[in-house]
Amino acid sequence: MAKLFAVTIVVIAILSAIPIVRNTWHPMEDISTHGQAIDDQLSETMWEAGISFLASQIILAWFIWRFSGTKLGEKTKNFPGGAAGLVAAAFILVGLEVFALGIFGVKAWANIYFTQPAANAMPVQVQSGQFAFYFRYPGPDGKFGPLHPDLINEANQNIFGLDPDHDPESKDDIVTAEMAIPVNREVRLLMHAKDVSHSFYVPALRIHQDFVPGLDLQLHFTATKVGRYEIVCSQLCGLGHYNMRAYLSVLSQEDFDSWLKKQATLQ
Amino acid sequence: MKKQLLFKAMLALSAALILSVAWMVSQRSVKAAPPSESSITGTVKLEGTPPHQRPIDMSKEPACAAVHKANPVTTENVVVGTDGGLKNVVVYLSEGWSGPETAVSSTPNWEQHGCQYIPHVMGLDVNEHFKVINSDPTSHNIHPMPKPGGPNHEWNKSQPAGAPPIDTSWPAEEVAIHVKCNIHPWMSGYMVVVKGPYGVSDDSGSFKVDGVPPGNYTLTAWQETYGAQTQKVTVAAGKPATANFTFKAK
Amino acid sequence: MHDTSTHAVAHHGPPTSFIRKHIFSLDHKVIGKQYYGLGLAAVIIGMVLSWLMRIHLGWTNYAIPGLHLLSKNGAAGDIMTPDFYLQLMTMHATFMVFFVLTVAPFAAFGNFFLPIHVGAEDMPFPHFNMMSFWVTFVAFCVMLLSFFVGDGPTLGGWTQYAPLSAVGAVAGPGEGAGVVLWATSIAIFCVGQLLGTLNFIPNVLDLRAKGMSLWRLPLPTWAWFITSCMGLTAFSVLMPACIMLILDHVAGTSFFVASNLVINDQLQPHSGGSTLLWQHLFWFFGHPEVYIAIVPGMGIISHVLITNMRKPMLSHRVIVYSLVALAVLSYMVYGHHMFVSGMNPLSSLLFSFPTLLITIPSTILVLIWIGSLYGAKLRINAASLFALGFISMFVTGGVSGFFLAQPSIQILLHATYFVVAHFHFTMAIAAIFGIFSGTYFWFPKMWGRMMNETLGKVHFWCSFVGVYCIFMPMHYLGLAGNVRRYQAFVVDYMQPLVGVHRFITIAALFTGAAQLIFIYNFIHSRFWGKPAPANPWEGTSLEWSVPSPPPHDNFGGRHVVVYHDPYQYGVQSSTGDYVMQDSPEQVKSAHEEP
Amino acid sequence: MATTVPEPPKIKEPRSPRGGNSGNGGFRNLVPNDGTSRAVQEYAPPPSKTGIWVALAAISMTFAAFTSALIVRQGAAMDWHHLTLPRILYFNTLVLLASSVTLQMSRREIAVFMGGKNFDLNPARWLYFTMLLGVVFVAGQYVAWMQLRSEGLYLATNPNSSFFYLLTSVHALHVLGGLVGLTYVMRKLRRVTLRRSTLDAFSNYWHFMGILWVYLLLLLWMKL
């Protein structure tokens with residue numbers, strides 16, 4: 001029984017490691033400038049975690065195999081070095097390993113949060129609401145018109161609560177249900193929530209940020225690859241949570257310009 | 001002896017019961033079938049340029065976006081059809097109706113197709129049953145929002161693809177109940193619950209209110225953006241009355 | 001506050017009436033069993049709910065017969081609606097976290113064995129102890145009630161993030177009455193558990209038998225003591241948070257609801273509330289809660305392992321110190337649940353270091369457990385199998401913690417199935433294995449009958465393999481970016497993953513079914529199992545020095561005196577290779593404390 | 001009445017579930033014969049003493065949570081309008097502090113009485129004052145709420161009125177709990193079976209309520 005158990009543990013450990021090694025399931029291809037650091041961080045952690053995982057499971061199995069069902073005469077022994085050795089090991093190995101991780105991790109994090117967007121970064125506003133994202137481009141005047149929550153009316157598609165009749169800046173604002181950005185141009189994302197907490201999760205862009213009702217948050221990123229990607233909500237926001245997503249089109253500059261023109265006509 | 005008396009009493013009682021029931025029924029039948037019903041017809045028009053209807057981007061729900069690939073849909077707050085006819089206007093008898101609350105016995109459908117409500121505006125009698133149908137491959141959420149505290153109660157149910165229709169009705173009249181889908185924020189429609197017969201204007205703006213007995217009525221036309229208009233009509237036995245409404249674009 | 005222990009002495013002779021004996025009993029052993037029963041009921045509910053969820057995730061439009069009977073807001077045609085899925089999910093988590101993982105390992109086993117381990121006749125305040133259970137029971141009923149009120153239970157998830165949980169019914173089905181009932185139930189639950197800690201802590205500090213120094217306490221008792229200290233500080237923070245949440249609902253205050261929120265085109269009548277305030281209050285409770293669930297399990301499996309290894313752990317004290325370290329650190333790390341939640345990015349970093357730090361005591365524990373196996377004379381039985389399984393599970397769940405401790409990696413993995421896998425392996429499955437281990441180990445003492453070993457082993461094999469089949473693939477889903485708390489996978493890049501979900505569903509159904517073996521074994525052994533001797537496993541701690549089940553006052557009036565450290569195994573003595581804690585016999589103990 | 005019962009009873013006994021024969025209090029002569037005398041803890045405080053500190057710790061945590069919530073909430077938005085605290089609160093403060101003083105006096109007398117030195121005085125008399133003052137305090141708090149209501153400040157009017165009602169009412173509930181405890185103490189005293197530990201536990205709780213209130217008053221005074 002014990003030997004069978006030991007074998008089972010080893011088999012399970014190896015089977016679970018195989019998809020990781022063969023990279024069967026993996027994060028989708030990174031299209032951001034800051035994402036590489038995160039991916040490196042992930043793979044390093046994967047190595048260390050994987051080794052610790054396999055090592056401890058296999059040693060556990062080995063000891064179970066070796067030290068079960070021993071005959072009566074045999075006396076119990078203690079692990080050479082005793083507790084002190086193991087504690088030291090834990091502190092040195094794990095301590096160092098883990099802190100190395102932590103330190104390197106800071107870089108990847110700082111890339112995103114402790115840097116300022118370039119002055120010419122393109123501003124895009126995103127509003128999350130049950131259960132859709134809507135985006136706003138400032139239009140030719142480069143200014144976002146003020147928001148009037150009391151004017152929000154989804155039935156006639158006044159999603160942001162704009163008042164073009166009284167606010168000149170709002171006249172040329174472009175509201176869309178799909179996000180498009182030019183490739184290789186930094187984007188400054190202005191985030192606010194209409195109702196409850198949501199999250200702005202773009203795996204391909206390595207961007208993940210919650211919307212906090214009552215707070216205006218900012219993100220900035222640069223997409224490096226043309227294509228159509230998905231933005232999903234990862235913060236439970238109600239019954240439509242699973243269906244709260246929007247498409248992100250990364251376009252060449254000219255495609256983007258024409259897209260924006262087309263959207264302007266549809267306002 | 002005692003038994004006898006009891007028996008007689010029962011007999012008398014049951015006889016009385018039967019008679020009274022019969023009388024009620026006869027009364028009802030009189031009420032239910034007024035002499036020589038007639039109808040009111042007419043058209044609703046819009047004067048001036050209708051407000052701009054924004055297009056709806058359904059890219060979030062590809063299944064629905066596909067439905068409208070050919071002809072993109074817009075909001076339906078003001079739908080003007082051929083020669084200025086105003087669509088989706090509910091015309092009903094706001095005064096003068098003396099018949100039963102539920103004059104119409106059909107069970108209309110409130111269909112969710114291509115992430116739109118079809119019809120966009122639905123007339124209903126009090127207690128008239130209607131079916132909510134989901135013919136999209138995606139889940140919808142039906143959330144009618146009557147006035148809080150009123151006799152009609154707000155509800156909020158989801159209807160996954162392939163789920164059977166929801167059959168329900170409204171217990172009291174209310175003009176109008178706004179219906180939203182919480183999963184698809186652009187989905188919006190109205191249920192107009194009235195006493196007695198009603199008509200809803202079509203693309204050409206023409207409507208027909210059937211089953212109106214002769215008499216004097218106040219006719220009301222309700223439109224989701226422009227509100228209500230009323231006018232008096234007199235319906236003579238046999239020949240249909242006509243009434244036209246004209247809304248002014250703000 | 002006032003001293004009920006006079007009553008403990010006064011009406012604490014064996015009660016005669018059925019009510020006083022089995023229902024409103026002051027006896028810590030009966031209360032422990034009552035807690036165990038409550039946990040069992042809750043775990044069955046939670047498991048059934050998880051079945052329904054898994055079926056839906058695998059085959060989204062599959063009509064589950066009779067589902068409409070469960071759903072207050074209508075699952076027409078037995079097809080699960082999005083809101084009903086979230087309601088089931090919320091209730092699954094709530095029942096499991098509060099009424100199973102807190103109640104069973106801590107309140108149930110703790111109540112039964114802590115007084116015996118310290119050599120006391122009962123808890124210091126039996127009346128509070130009884131109240132503690134019944135208050136918790138009321139909380140349980142209120143939570144159940146929410147299935148039958150309004151639109152059914154809340155769908156906000158067990159974390160109940162505001163403002164979704166605070167704006168009321170307008171936010172969706174169950175967010176009105178459902179949330180109020182949820183918060184009420186949890187607040188009541190907090191009171192119940194606080195009353196429990198009110199007994200645990202003085203019991204350990206003041207009622208130890210003669211010679212029972214703190215270092216002579218068996219490891220589970222240490223674990224329960226540490227857990228009570230955590231519960232004391234955690235539950236007394238969750239309760240005010242729940243009160244404020246209820247007020248936001250029923251009194252129209254704005255603690256958690258910000259200004260200018262628009263739902264269904266209606267401007268919400270709240271203003272100025274702080275969204276993050278709830279998250280801070282909740283996770284200040286929430287992370288210690290994770291350890292409240294797992295620490296007793298650690299104590300229990302150490303106890304079980306030592307007895308079945310026939311040798312003490314390499315170091316009694318290092319284990320205790322590590323548990324204390326876990327407890328202390330658990331308060332400094334709660335922020336790692338909020339890395340991307342809009343908190344100041346700097347504080348995310350500050351929170352990440354203690355989080356990484358916490359891997360050190362955890363690693364020490366694992367190394368000590370595994371290292372102690374070296375040179376053991378391991379006895380394989382259901383209890384020890386589950387204990388060893390615990391270690392395997394805890395390791396698996398622990399290494400995934402490396403990832404989630406780092407804010408940068410959470411950008412990829414936050415709120416994905418990777419997190420689901422992580423916390424199920426650690427606080428859920430490991431803790432449950434601890435409970436099972438304790439059950440197989442202590443059943444003879446609690447109910448005076450042996451459990452069926454064969455069935456126990458079958459149960460173990462199914463659970464062990466099944467659990468890995470369920471939760472290991474969730475790591476892969478997480479890496480692929482599969483977001484949790486989705487009722488269907490309509491997002492393009494998630495659709496290819498449905499196959500994995502079907503595999504998980506099948507595994508879950510199988511594993512769940514295997515638990516029926518346990519339930520059968522439990523009930524059958526309870527009534528028809530063969531009577532248990534006082535010390536079936538040749539254990540040394542005090543619970544084995546009393547008959548099974550123990551008499552009303554535990555020691556039958558005997559004045560216990562403790563002569564030894566708790567785990568005197570691998571020695572030469574009249575009884576064999578072990579010496580009971582309370583036997584005056586002088587032995588040359590092979591394993592003195594370093 | 002208590003005064004007629006002459007035996008000065010259950011006071012100095014070390015408290016334990018088995019009438020003083022277990023717990024580390026008893027058996028002072030016997031030492032475990034494996035020689036680890038560090039194992040013997042010579043004196044175990046009565047559990048009610050530890051218990052009350054556990055309870056007070058829980059209460060402190062609760063109010064700590066409320067405090068941090070208040071600070072966060074005040075910083076969260078611009079809608080914090082300072083309100084003037086009702087004068088009566090200061091009066092209530094004096095009342096509550098006075099009740100602590102009377103409690104101390106009664107403790108001294110009870111000690112004398114239980115010590116069997118003097119059976120003529122009624123040891124409970126100062127306790128009645130304590131109870132009276134406690135009731136007055138709660139009534140005073142009620143008056144304060146009424147005053148705020150008359151100013152149109154309700155629970156939901158603005159965040160700081162919310163916190164005012166919340167903190168004061170939770171504290172008032174705890175004071176009421178204390179009054180229940182006090183009645184228990186007085187019943188015990190009348191039966192002459194009052195244990196010092198019980199009285200100590202109660203007075204710890206009661207004094208703590210006083211301290212807590214002063215803290216709350218300062219908090220409200222500074223923040224509101």
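Analyst: A definition comes first: two strands pair if DSSP finds at least two bridges between them. Please also keep in mind that this is a predicted model.

User: What order do the strands take in the five-strand open sheet of chain A?

Analyst: The order is S3-S2-S1-S5-S8, and the pairing in this open sheet is mixed. Strand S3 (174-176) and strand S8 (217-222) of chain A are its edge strands, each pairing on one side only. On average, neighbouring strands of the sheet are turned by 25 degrees against each other, with direction ignored.

User: How many bridges do S1 and S2 of chain A share?

Analyst: Strand S1 (residues 122-129) and strand S2 (residues 132-137) of chain A share five bridges and pair in the antiparallel sense. Within that pairing, A:Ser128 has A:Phe133 in S2(A) as its bridge partner.

User: Where do the side chains go in a regular strand?

Analyst: In a regular strand, side chains alternate between the two faces of the sheet.

User: Switching to chain B: what is the strand order in its four-strand open sheet?

Analyst: In chain B the order is S4-S3-S6-S9, again in an open sheet with mixed pairing. Its edge strands are strand S4 (116-118) and strand S9 (166-168) of chain B, and each pairs on one side only. The twist from one strand to the next averages 20 degrees. Strand S3 of chain B, residues 109-113, pairs with S4(B) in the antiparallel sense over three bridges. In S4(B), B:Ile118 is the bridge partner of B:Glu111.

User: Now the chains together. Which chains have the most contacts between them?

Analyst: Of the four pairs of chains that touch, chains A and C have the most contacts. That contact takes 86 residues from chain C and 89 residues from chain A.

User: Which element of chain C gives the most to the side that touches chain A?

Analyst: H12(C) gives the most to that side of chain C, with eleven residues. By class, the side of chain C that touches chain A has 56 nonpolar, 23 polar and seven charged residues.

User: What domains does the assignment give for chain C?

Analyst: The domain assignment gives domain 1 (26-260 + 268-273), domain 2 (293-531) and domain 3 (532-594). The C-alpha centres of domain 2 and domain 3 of chain C are 30 Å apart.

User: How many residues of domain 2 of chain C are in contact with domain 3 of chain C?

Analyst: In domain 2 of chain C, 17 residues are in contact with 14 residues of domain 3 of chain C. On the domain 2 side, two or more residues come from each of H9, helix H10 (316-329) and helix H15 (417-447) of chain C. H15(C) gives the most to this side, with five residues. The residues of this side of domain 2 of chain C comprise eight nonpolar, four polar and five charged ones.

User: What about helix H6 of chain C, how far does it reach from its first C-alpha to its last?

Analyst: Helix H6 of chain C, residues 126-145, reaches 29 Å over its 20 residues, close to the 28 Å expected at 1.5 Å a residue. Its buried residues include C:Phe133, C:Thr136 and C:Phe140. As background, an α-helix has 3.6 residues a turn, so residues three or four places apart point the same way.

User: Last one, chain D: how many helices and strands are there?

Analyst: Chain D has five helices and zero strands. Of its 224 residues, 40% count as buried. Among contacts in chain D between residues at least 6 apart in sequence, 73% join residues at least 24 apart.

User: How far apart are the closest C-alpha atoms of chain A and chain D?

Analyst: They lie 9 Å apart, and no contact joins chain A and chain D. Chain B and chain D do not touch either, with their nearest C-alpha atoms 21 Å apart.

Key
Residues are numbered from 1 along each chain as its sequence is written. Chains are lettered from A and ligands numbered from 1 in the order in which they are written. This is a predicted model: local features need pLDDT of at least 70, side-chain atom pairs count only at pLDDT 80 or more; totals for chains, interfaces and linings use all residues. A residue is buried if 20 or more other C-beta atoms lie within 10 Å of its own, exposed if 12 or fewer, and partly exposed in between; C-beta atoms are placed from the backbone. Two residues are in contact if their C-beta atoms, placed from the backbone, lie within 7 Å. Ala, Val, Leu, Ile, Met, Phe, Trp, Tyr, Cys and Pro count as nonpolar, Asp, Glu, Lys and Arg as charged, and the others, Gly among them, as polar. Domain bounds come from an automatic or database domain assignment. Axes are lines fitted to C-alpha atoms, for helices over the stretch in contact, and angles run from 0 to 180 degrees between N-to-C directions. The expected span of a helix is 1.5 Å times one less than its number of residues.
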